[in-house]
Amino acid sequence: VGTLAANESVDIKSETDGTIEAIHFDEGRRVEAGQVLVALDHVKPRAALAEAQAGLKMAAATRERYAPLLKTGAVARQEVDQAEATWAANQALVERLTAELEDAMIKAPFAGVAGARLLSVGQFIPRGTSITTLIDSDPMKLEFRIPERFLGQLKLRQTVKLETAAYPGTPVTGEVYFIDPQVDPVTRTVSVVRSRSSVAMVSV
């Protein structure tokens with residue numbers, strides 16, 4: 001007896017605060033890797049980024065202007081160091097705001113089927129709010145355990161056949177792709193994983 005599980009499964013959550021501007025997925029429909037699922041309001045983050053970029057441009061100009069002046073003694077080392085620190089701080093701010101702007105576009109980490117939609121357009125959501133689930137069920141994984149005494153008969157890429165209660169009499173085949181190197185000290189069994197390109201990845 002084993003347990004079937006999706007190849008990949010993840011809860012999609014927001015990494016930043018914001019108001020939902022648009023939803024770009026349908027419940028129960030397939031989405032592609034990198035597809036935007038939800039767009040948060042990005043007007044304020046974009047404005048903050050533009051302001052930071054302007055500050056970085058000014059800091060870079062000051063830094064470049066001070067460099068040759070230091071050689072002639074026209075500016076003190078302290079002023080040059082301050083210009084360098086200001087430039088570095090502005091550079092870090094631009095990078096942070098760029099990342100926050102990207103976080104406003106919540107994307108699918110892999111291709112799969114979207115689950116139930118847990119929010120609506122216009123809703124304000126804090127960081128960490130669940131948006132939906134994403135499931136990649138092709139192939140699937142089957143995990144089951146084998147007694148320790150049969151460990152010597154197991155090998156990678158070994159063919160495994162299984163049947164499911166949902167489709168009795170219709171066997172599915174796959175390959176072992178993982179054998180747990182550790183034996184469970186209580187049950188004296190090992191965990192194995194098997195895969196099939198179209199239907200199942202199996203953990204044995």
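Good morning. I begin with Asn 90, which touches Ala 52, Gly 55, Leu 56 and Ala 59 when residues up to four places away in sequence are not counted; contact here means heavy atoms within 4.5 Å. This is a predicted model, in which local features need pLDDT of at least 70, side-chain atom pairs count only at pLDDT 80 or more, and totals for chains, interfaces and linings use all residues. Residues are numbered from 1 along each chain as its sequence is written, and side-chain values use heavy atoms, with hydrogens and water left out.

To continue with Asn 90: the residue is found in helix α2. Helices (H or I, at least four residues) and strands (E, at least two) are DSSP runs, numbered from the N terminus. Is Asn 90 buried or exposed? Asn 90 counts as buried, because its relative accessibility is 16%. The cut-offs are these: buried means under 20% relative accessible area, exposed over 50%, and partly exposed in between, with a 1.4 Å probe and protein chains only.

Helix α2 also holds Val 94. At 10% relative accessibility, Val 94 counts as buried as well. Its contacts, leaving aside neighbours within four places in sequence, are Leu 49, Ala 52, Gln 53 and Leu 56. Between Val 94 and Leu 49 the C-alpha distance is 6.2 Å, although 45 residues separate them in sequence.

I turn to the overall architecture. The protein has 2 helices and 12 strands, and along the sequence they follow the pattern β-β-β-β-α-α-β-β-β-β-β-β-β-β. Of the 204 residues in the protein, 32% are buried. Among contacts between residues at least 6 apart in sequence, 65% join residues at least 24 apart.

Several individual positions illustrate such contacts. Val 10 lies in strand β1, residues 3-13. Val 10 is partly exposed, with a relative accessible area of 27%. Not counting residues up to four places away, Val 10 touches Pro 109, Phe 110, Thr 132, Thr 133 and Leu 134.

Gly 115 lies in the loop between β6 (112-114) and β7 (124-125). Its relative accessible area is 17%, so Gly 115 is buried. From Gly 115 to Thr 132, 17 residues along the chain, the C-alpha separation is 5.6 Å.

Where is Glu 27 placed? Glu 27 is in the loop between β2 and β3 (30-31). Glu 27 counts as partly exposed, at 46% relative accessibility. With neighbours within four places left aside, Glu 27 is in contact with Ala 114, Gly 115, Ala 116 and Arg 117. Glu 27 and Val 113 are 86 residues apart in sequence and 8.0 Å apart in space, C-alpha to C-alpha.

Next, backbone geometry. A cis peptide bond joins Asp 138 and Pro 139, with omega of about 5°; Pro 139 is found in strand β8, residues 130-147. Arg 157 is not a glycine, yet has a positive phi of about 70°. Arg 157 is placed in the loop between β8 and β9 (159-162). With a relative accessible area of 61%, Arg 157 is exposed.

On rings and charges, Arg 63 lies over the face of Trp 87, at 4.1 Å from the ring centre. The criterion is that NZ of Lys or CZ of Arg is within 6 Å of the ring centre and within 35 degrees of the ring normal.

Finally, the largest pocket, which has a volume of about 240 Å³. Of the 15 residues that line it, the closest to its centre are Asp 17, Gly 18, Asp 41, Lys 44 and Pro 45. On a 1 Å grid over the protein atoms alone, a pocket is an open set of points where a 1.4 Å probe fits, with protein on both sides within 12 Å along at least five of seven lines, and lining residues have an atom within 4 Å of a point. The volume is the space filled by probe spheres set on the points, which are joined across faces, edges and corners. β2 (18-23), α1 (43-72) and α2 (77-103) each supply at least two residues of this lining. Thank you.
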